[in-house]
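Q: I would like to learn how to read a model of this kind, one feature at a time. Could we take a few residues, then a helix, and then a pocket?

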Amino acid sequence: LQFVTGTSQVPIGGFKNLQGRYGQIQSFTVNVISYNKQDKFPKAHTCFNRIDLPKYRNYAEMAELMMACTRVDFSVGFGTQ
């Protein structure tokens, strides 16, 4: 949740009350993108509550790369825009 939205908690009232950069309601969105070996990690757009998720070849690969993202220090800006 924090990787995609920039917050560690769901807002009061649930996902329907997620806000964007300027305080407007901004839905949580999963955007499926083409798989690219050079850019295989998901990308988060925290201002828009959106994750760009490559179309992985299988579940195991997706799980491995998603878990790798949780082990990264986000203060350096890895995979976020």
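Q: Where in the chain is S34 placed?

A: In this predicted model, S34 sits in the loop that joins β1 (29-33) to β2 (43-45).

Q: Is S34 buried or exposed?

A: The general idea is to compare the relative accessibility with a cut-off, and a residue is called exposed when the value is over 50%. S34 has a relative accessibility of 63%, and therefore it counts as exposed.

Q: What does S34 touch, once residues up to four places away in sequence are not counted?

A: With those set aside, S34 touches P54 and K55.

Q: Where does R57 lie, and is it buried or exposed?

A: R57 belongs to the loop between β3 and α2, and because its relative accessibility is 57%, it counts as exposed. Apart from residues up to four places away in sequence, R57 touches Y35 and K37; for the pair R57 and Y35, which are 22 residues apart along the chain, the C-alpha atoms are separated by 8.3 Å.

Q: How should I read E61, and which residues is it in contact with beyond its neighbours within four places in sequence?

A: E61 lies in helix α2, and a relative accessibility of 13% is why it counts as buried, the cut-off for that word being under 20%. Leaving aside neighbours within four places in sequence, E61 is in contact with Y35 and Y56.

Q: Which residues of α2 are buried, and how are they arranged around the helix axis?

A: The general idea is that an α-helix has 3.6 residues a turn, so residues three or four places apart point the same way. In this case the buried residues of α2 are E61, L65 and C69, and, seen down the helix axis, they fall within an arc of 75°, so they line one face of α2. The face turned away from that buried side carries the exposed residues Y59, A60, E64 and T70.

Q: What do the buried residues of α2 pack against?

A: They pack against α1.

Q: How can the length of α2 be checked against its number of residues?

A: One works out an expected span and compares it with the distance between the end C-alpha atoms. For the twelve residues of α2, at 1.5 Å a residue, the span should be 16 Å, and the end C-alpha atoms are 17 Å apart, which agrees.

Q: Which residues lie nearest the centre of the largest pocket, and what is its volume?

A: The largest pocket has a volume of about 200 Å³ and is lined by twelve residues, among which L1, F3, V4, I51 and M66 lie nearest its centre. The elements giving two or more residues to this lining are α1 (2-5), β3 (50-54) and α2 (59-70), and α2 gives the most, with four residues. By residue class, the lining divides into eleven nonpolar, one polar and no charged.

Q: How many helices and strands does the chain have, and what pattern do they follow?

A: The chain has two helices and three strands, and along the sequence they follow the pattern α-β-β-β-α. Of the 81 residues in the chain, 21% are buried. Among the contacts with a separation of 6 or more, 37% are between residues 24 or more positions apart.

How values were computed:
Residues are numbered from 1 along each chain as its sequence is written. This is a predicted model: local features need pLDDT of at least 70, side-chain atom pairs count only at pLDDT 80 or more; totals for chains, interfaces and linings use all residues. Side-chain values use heavy atoms; hydrogens and water are left out. On a 1 Å grid over the protein atoms alone, a cavity is a set of points where a 1.4 Å probe fits but cannot get out, and a pocket is an open set with protein on both sides within 12 Å along at least five of seven lines; lining residues have an atom within 4 Å of a point. Grid points are joined across faces, edges and corners, and a volume is the space filled by probe spheres set on the points. Ala, Val, Leu, Ile, Met, Phe, Trp, Tyr, Cys and Pro count as nonpolar, Asp, Glu, Lys and Arg as charged, and the others, Gly among them, as polar. The expected span of a helix is 1.5 Å times one less than its number of residues. Buried means under 20% relative accessible area, exposed over 50%, partly exposed in between (1.4 Å probe, protein chains only). The arc is that of the directions from the helix axis to the C-beta atoms. Contact means heavy atoms within 4.5 Å.
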